[in-house]
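Visitor: Could you show me how to read the features of a structure like the one below? I would like the general idea each time, then the case at hand.

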Amino acid sequence: MSARLIATRIIKRVVEDHQQLARALAEDKGFADAGQEKAWIQELCYGTLRWYLQLDYLLGLLLDKPVRKKDSDIKYLLLGGLYQLKFMQTPAYAVVSETVAVCKQLKKVSAKGLVNAVLRRYQREADNLESHLEKSLQVSSSHPQWLINRLQQDWPEHYLDLIEANNNKPPMYLRVNRLKTDRDTYLLTLQQADINAEPCAYSQAGIRLIRPCPVEQLPGFFEGLVSVQDLAAQLASHLLQLEPGQTVLDACAAPGGKSAALLETESGLNELVLVEKEPGRADKIRENFERLQLTASIRISDMLDLNNWWDGKEFDRILLDAPCSASGVIRRHSDIKLLRTEKQVDEVNLLQKQLLECAWSVLKPGGLLLYATCSVLKLENSDTIRAFLASQTAGKLLPIKAPWGLDTGFGTQILTGADGMDGFFYAVIKKQAGL
């Protein structure tokens, strides 16, 4: 099956069925059987969705009339072809001929002429067509207008940098499992495997690969020596000030990367309880923990339903990595720009506040709660913490003394791309005893 046909089918599912790209890839049999072409298909899918709004605008300039709805697969085929011509290294003649050939596989031979004409016209008129893109930031940056407005409102001095960072390909970071090895040893192991890497400044377990590679190529990955985790996410375990004998809760645990890092940071915890609502995502936690040879108590439940999962014993430490807009990880999940809506951001913020109140209710006096999101929107971050502290007299915000991030007054914000990291927010709140 043609790689371009597989990519066209996957892009269609994301755009029309609103399916997350990662899930669409995982569930596509053609992609599963694609072998060495998998990386190329991923590049085409992620790239086309990253630049979807811009490519769609260009396609509108190239067409005399829009593609009929019943032929939407031809539209996605064309968008993929435009992405290849503009952003990929594939020779133009191959892009045109191979993209045209997919029409037969789609059983739409009559579209061959249209596909050929559109792609060849773009080749001829690219400079003139590209000059139209700068008329709108929405088009030139391929970001929805609502997100541009929010970023500009929240970060007037940084929003253009955020937008640019969202469109960059992300670095690949590793977290060394210090229960099994140390960073220097693993860096040497990578060197021996001809994988170039460097240590990270802010995490003692962090490594940045100079060039991303499949996990199958990482020495000892399946033996649990290392995990893939962005540098910003690795900071969570250090902020909780873990000590032996503590009972710790990870309130929204899947896929379990931060949970695993807690145990790798402090192996002497009395108990680590993980709560995850979706059984499928809980299975992913189990897979990760089996690979890393770690043990925790996994409870499949809605966090808000305390009667269903909580035994009445309060926790010394709580990590609340709350569901969010994921606006800080757009560079890793380009489909977010198409799938996320402004209404959804407002709705998830209500859930964040409910989860925060719920987590607070099971925290011991004297305990610490770490609120985290992979968002750069103030509504979900500093505004939420400000409102929470105004309602909780026992809550005391602890300063995060670190060489990374921006102090918002109500937590620390890492902006996407800063020091190579994803966009993340952290706030450490202590529950004062006797109040």
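Visitor: Which residues line the largest cavity?

Guide: Rolling a probe the size of a water molecule over the atoms shows where empty space is left. On a 1 Å grid over the protein atoms alone, a cavity is a set of points where a 1.4 Å probe fits but cannot get out, and lining residues have an atom within 4 Å of a point. Here the lining of the largest cavity consists of Arg 175, Val 176, Arg 178, Ser 203, Ala 205, Gln 234, Ser 237, His 238, Ala 261, Glu 264 and Thr 265. This is a predicted model, where local features need pLDDT of at least 70 and side-chain atom pairs count only at pLDDT 80 or more, while totals for chains, interfaces and linings use all residues. Residues are numbered from 1 along each chain as its sequence is written, and side-chain values use heavy atoms, with hydrogens and water left out.

Visitor: What is the volume of the largest cavity, and which helix gives the most to its lining?

Guide: A volume is the space filled by probe spheres set on the grid points, which are joined across faces, edges and corners. For the largest cavity this comes to about 50 Å³. Helices (H or I, at least four residues) and strands (E, at least two) are DSSP runs, numbered from the N terminus. Helix α15 gives the most to the lining, with three residues; β1 (172–176), α14 (236–239) and α15 (257–265) each supply at least two.

Visitor: How do the residues lining the second largest pocket divide?

Guide: A pocket is an open set of points with protein on both sides within 12 Å along at least five of seven lines. Ala, Val, Leu, Ile, Met, Phe, Trp, Tyr, Cys and Pro count as nonpolar, Asp, Glu, Lys and Arg as charged, and the others, Gly among them, as polar. The lining of the second largest pocket has six nonpolar residues, one polar and five charged, and about 310 Å³ of space lies in this pocket. Among its lining residues are Arg 68, Asp 71 and Lys 108.

Visitor: How many salt bridges does the structure hold?

Guide: Side chains of opposite charge can pair when their charged atoms come close. The rule for a salt bridge is a side-chain nitrogen of Lys or Arg within 4 Å of a carboxyl oxygen of Asp or Glu. The structure holds 26 of them. In one, Arg 331 pairs with Asp 422 at 2.8 Å, N to O. Arg 331 lies in the loop between β8 (315–321) and α18 (336–339) and Asp 422 in the loop between β12 (412–414) and β13 (424–431), so this pair ties together parts that are 91 residues apart in sequence. Both partners, Arg 331 and Asp 422, are buried (under 20% relative accessible area; exposed is over 50%, partly exposed in between, with a 1.4 Å probe and protein chains only). Salt bridges with shared partners also join Arg 68, Asp 71, Asp 73 and Lys 108 into one network.

Visitor: Which residues have the most contacts inside the largest nonpolar core?

Guide: A nonpolar core is a set of buried Ala, Val, Leu, Ile, Met, Phe, Trp, Tyr and Cys residues joined through side-chain atoms within 4.5 Å. The largest has 53 residues, and those with the most contacts inside it are Leu 151, Leu 370, Trp 404, Ile 414 and Tyr 426. Helix α10 (residues 145–154) gives the most to this core, with four residues. Buried residues of α10 include Trp 146 and Leu 151.
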